[in-house]
There are 2 protein chains.
Amino acid sequence: MSERIGIIGVGQTSFHRIRLAKSLREMCFDAYSEALDDSNLAPEDIDGLIVCYTEEYDKQRGPWSPIAEYLGLTPKPVVGVSNYCASSTMGVRVGWAMIKSGLHDVVAVIGYQKMTELSGAEVQEKMIRGGDLMWETPFGIGMPHVYACFANRHMHEFGTTEEQLAMVRVKNSEYGSLNEKAAFREKVTVEKVMKSPVIAWPLKLLDCTANADGASCVILAKEEIAKKVSDTPIWIKGIGSSSETNSMGARESFVTTGSWRAAEQAYKMAGVSPKDIDVAEVHDCFTIAEIMAYEDLGFCKKGEGGKFIEEGESYIGGKIPVNVDGGLLCKGHPVGATGGSQIRTITLQLRGEGYKIHPKCEVEGAEIGLVHNVGGTGHVSNVIILGR
Amino acid sequence: MSERIGIIGVGQTSFHRIRLAKSLREMCFDAYSEALDDSNLAPEDIDGLIVCYTEEYDKQRGPWSPIAEYLGLTPKPVVGVSNYCASSTMGVRVGWAMIKSGLHDVVAVIGYQKMTELSGAEVQEKMIRGGDLMWETPFGIGMPHVYACFANRHMHEFGTTEEQLAMVRVKNSEYGSLNEKAAFREKVTVEKVMKSPVIAWPLKLLDCTANADGASCVILAKEEIAKKVSDTPIWIKGIGSSSETNSMGARESFVTTGSWRAAEQAYKMAGVSPKDIDVAEVHDCFTIAEIMAYEDLGFCKKGEGGKFIEEGESYIGGKIPVNVDGGLLCKGHPVGATGGSQIRTITLQLRGEGYKIHPKCEVEGAEIGLVHNVGGTGHVSNVIILGR
């Protein structure tokens, strides 16, 4: 059971707010073919497909089936994995287990979402039906509202400021403005974030990510194959996963998404601690989410996330560079594709190919990286630790 | 890697056509608590949850989240698995891999569907959007139409008769009439099936299964735990999975769902052949599907499925008793729950507890059993071989 599972191919479409011309099959094909090229494998070497998405954004039901056909992977096994915004890291977890168990040798994990064919109101209607349908959805409680509660509580308990929230967007926009695959490339100031329209106080428009279209692909292989086809396989060293209650009213704390549990598992499995992390992608669906992630991942103590960004610790050159590809805030957030995009960034960084995002985004000499992907408001959290 | 994975608990609600009084959480709780009681485990021993379903039948999106909370399994890892009508056997495949890989020790796999809150037209509209959305769905091609094509082709190539199709329903109704958890308990004759209204020629109403509400649960454990808590763990000996094209127009053959590929994998992994199977549950969404399954699983040669049922070979006392709990035709078909129900039946049979379905449904001395679960019209096929 000591055999390692390697990432040997990564691909990602640009994330877009307007992408009506590409069907979901074509988006997935673009990400898949980029990853396949990156892997040095032939299509016939892929022996299983995992398609990760959140349901109801497409007219197509069971999208794993047409995608498998379009990629030419029929009659190989294919499964659909659904875990809100954490779908594609959960897909990687499932793929890891399928290879480790001996069921497969090489698995492609595709994450996608196509959200812009729907109106904003339709997306919101679907999104809030992921919450507690009996006690919360009827009152219109959506993602920004819950994250606003997190932010309020964090400000109340720890003195976190609106400016500190804004600083997360400022940092991410500095890197995101350089990332050609990002949907939102404007470099912004604290003042600009503060002056953007309030969505749910204290969160303003620029404290929030936005829906997008896009696809990502991660190709996993067992150690023997990974070593054969790649000079720079990136190994999955730790995987942690945890859940939180669906009902927000049942949560124990409003200053965490609960992802510290997933982090604990991942660190233990990888045999590393937060100080060993050289670069991280965290789930910044809202600026407060990134601040809570610093804390839940142990990059700083609980309550000190605001200080962590204010002191520049999550910039390149700081303690742990975080979201130096723009994060969800600037890349956009095509739900099912997001985790795969995070894994792509960390894989490139650990290969010494961070320059492929942009030379100014590269974290030189990074050896251990972390991916933190949250579904909903913590309904699921996945933490994956990668290493050279 | 030689450690086995055992089934130590099974549970299933009754399958119903009218079940408005139970929420999806409650249905799942009923199946889960029955399986948990059956397993001799305490709730805290369950360390992971897999929820299997087909999307869009519920208002609730991401149902894995409220279900995990309702079952008291938060903060344990939870994943949603979607594979049309084969969702819960795919969930068992994922659970098998998660335990085998060392990620989990004990996993609960819950399958459910709640379809009767929607009108028949709404269900049909959703169902056909699982087909090829560009080239087939717009023409209204649904499940009965494709299976009618299969039946026509089978009759054309092999001389299979309408009466032979009807005989499948007759057999399944003989056993289904005894199964208290079945939705359709009327014992029927060939004449009655033949005189039921034509749905899509040659399939009549009684050649078809119907939508239903229901939930099932299978609890899997690693060998050490399975042996400790159960005197009769049932081992997963083989798992096969394959896919077929989404577009029916791209299929190579119309006398198979393609599940022979999954069967080959499962037999090879288990080290057994069709003649070793003592009892089987096959995916009889339509009568023709059971006849094709006999052939694809190697119970008889391709083209001889009609003769197989006509000669009584799939009755108890015949070569291989098939669907002696009523099958999908009589139990009803709550999509995500179906595979788990099939696994429950085979598990009980192999434990010598077939009498729990009904004393007349028991296959005495059965040692090796097979589950065959098809998603869509072969878009995915899973075959699982179980043994004492």
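Why do the copies meet through the same surface? The answer lies in the residues: 98% of the interface residues of chain B are also interface residues in chain A, so the copies share that surface.

This is a predicted model, in which local features need pLDDT of at least 70 and side-chain atom pairs count only at pLDDT 80 or more, while totals for chains, interfaces and linings use all residues. Residues are numbered from 1 along each chain as its sequence is written, and chains are lettered from A and ligands numbered from 1 in the order in which they are written.

Start with chain A. Its secondary structure comes to 13 helices and 11 strands. Both are DSSP runs, numbered from the N terminus: helices are H or I with at least four residues, strands E with at least two. The C-alpha atoms fill a box of roughly 55 × 45 × 35 Å along the principal axes. Of the 388 residues in chain A, 65% are buried. A buried residue has 20 or more other C-beta atoms within 10 Å of its own, with C-beta atoms placed from the backbone.

Now place the two chains together. Chain B can be laid on chain A with an RMSD of 0.0 Å, by a turn of 180 degrees and a shift of 0.0 Å along the axis. That is the relation of a two-fold axis. The superposition is by least squares on the C-alpha atoms of residues with pLDDT of at least 70 in both copies.

Where they touch, 49 residues of chain B are in contact with 48 residues of chain A. Contact requires C-beta atoms, placed from the backbone, within 7 Å. On chain B's side, α2 (64–70), β3 (78–82), α3 (87–100) and β8 (234–243) each supply at least two residues. The most come from α3(B), with 6 residues.

Strand β3 (residues 78–82) of chain A and β3(B) pair in the antiparallel sense over 3 bridges. Pairing needs at least two bridges found by DSSP. Here Val81(A) stands opposite Val81(B).

Finally, look at β10 (residues 368–375) of chain B. This strand is mostly covered, with 7 of its 8 residues buried. Strand β9 (residues 279–281) of chain B pairs with β10(B) in the parallel sense over 3 bridges. There, Glu281(B) stands opposite Val371(B). Strand β11 (residues 380–387) of chain B pairs with β10(B) in the antiparallel sense over 8 bridges. Asn373(B) stands opposite Asn382(B) in that pairing. The hairpin of β10(B) and β11(B) has 4 residues between the strands, and Gly376(B) takes a positive phi near 65 degrees.

Notes. Contact = placed C-beta atoms within 7 Å. Buried ≥ 20, exposed ≤ 12 C-beta atoms within 10 Å, placed from the backbone.
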